[in-house]
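Dear colleague,

Please find the structure below, handed over for your records.

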Amino acid sequence: VGESGSGKTTLARVLVGLQPATSGQVFFNGAPLRYDAASRRTLGRSVSVVFQDPATALNPRMVVRDQLMDPLNVHQIGTPDERARRVRELLGLVGLPSSALDVLPRQISGGQRQRVAIARALALEPEVVIADEPTSALDVSVRAQVLNLLGDLKEALGLGMVFISHDISTVRHVSDRIVVMNRGQVVESAPTEQLFSDPSHAYTRTLLSAVPSLLRI
């Protein structure tokens, strides 16, 4: 969590191998992350991303079926029949009907598009999902639905999840541990309830003081 420009998305790009770290190292499964093409391909099977705006993350000219099939084809997962079954399974995981398979992204709502993006991120059965502000482009009325879906999937599939947001209330809802960033630096890291009850850094206290409360007059 952190304000715009604090380095959250840059850190996400480093975590998924899209951008090398300028200092330090990223470790995954005990080994340093490598940034060559072969290593990124291997990492792509284990770590996936849900981007902020599904309208730009999805190909506007591809129907949902093809969007979900694409990562399976690229990584040559299973037979054609097995891929087709996996696509239907993914749609069910995110609560969309089978009728959504043959529509274009523009023909469904923003919340449904983000569910498709989440389904695509799960296609290769990753160990970790990086969710970069996945609800900020959605209407308020559907944000809670998408957040609850991510939480349910995390528990059901045993996913590790890195959830990025500028909204500390949203982060509290979905996170076991919170990392606070400011000006490109991690300024505090603590279990969620500890951070809310006893923040140690002045910037964290500033973020918490800005959270709207129904008790304030």
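The second largest pocket is lined by 25 residues, and Gly44, Val47, Ser48, Val49 and Pro71 lie nearest its centre. A pocket here is an open set of points on a 1 Å grid over the protein atoms alone, where a 1.4 Å probe fits, with protein on both sides within 12 Å along at least five of seven lines; lining residues have an atom within 4 Å of a point. The model is predicted: local features need pLDDT of at least 70 and side-chain atom pairs count only at pLDDT 80 or more, while totals for chains, interfaces and linings use all residues. Residues are numbered from 1 along each chain as its sequence is written, and side-chain values use heavy atoms, with hydrogens and water left out.

The space in the second largest pocket is about 640 Å³ (a volume is the space filled by probe spheres set on the grid points, which are joined across faces, edges and corners). At least two lining residues each come from helix 2 (37–46), strand 3 (47–50), helix 4 (64–74) and helix 6 (110–122), and helix 2 gives the most, with five. Helices (H or I, at least four residues) and strands (E, at least two) are DSSP runs, numbered from the N terminus.

Val47 also stands opposite Val128 in strand 4. Strand 3 and strand 4 (residues 128–132) run parallel and are joined by four bridges; two strands pair if DSSP finds at least two bridges between them. Three strands form an open, parallel sheet in the order 3-4-5. Strand 3 and strand 5 are the edges, each with a single partner strand, so one side of each has no neighbour in the sheet.

About 740 Å³ of space lies in the largest pocket. Of its 32 lining residues, Leu11, Leu15, Val179, Met181 and Val186 are the closest to the centre. Two or more lining residues come from each of helix 1 (8–15), strand 5 (160–164), helix 8 (168–174), strand 6 (177–182) and strand 7 (185–191). Helix 1 supplies the largest share, six residues.

Finally, Arg172 lies over the face of Phe196, at 4.1 Å from the ring centre (a charge sits over a ring if NZ of Lys or CZ of Arg is within 6 Å of the ring centre and within 35 degrees of the ring normal).

Yours sincerely
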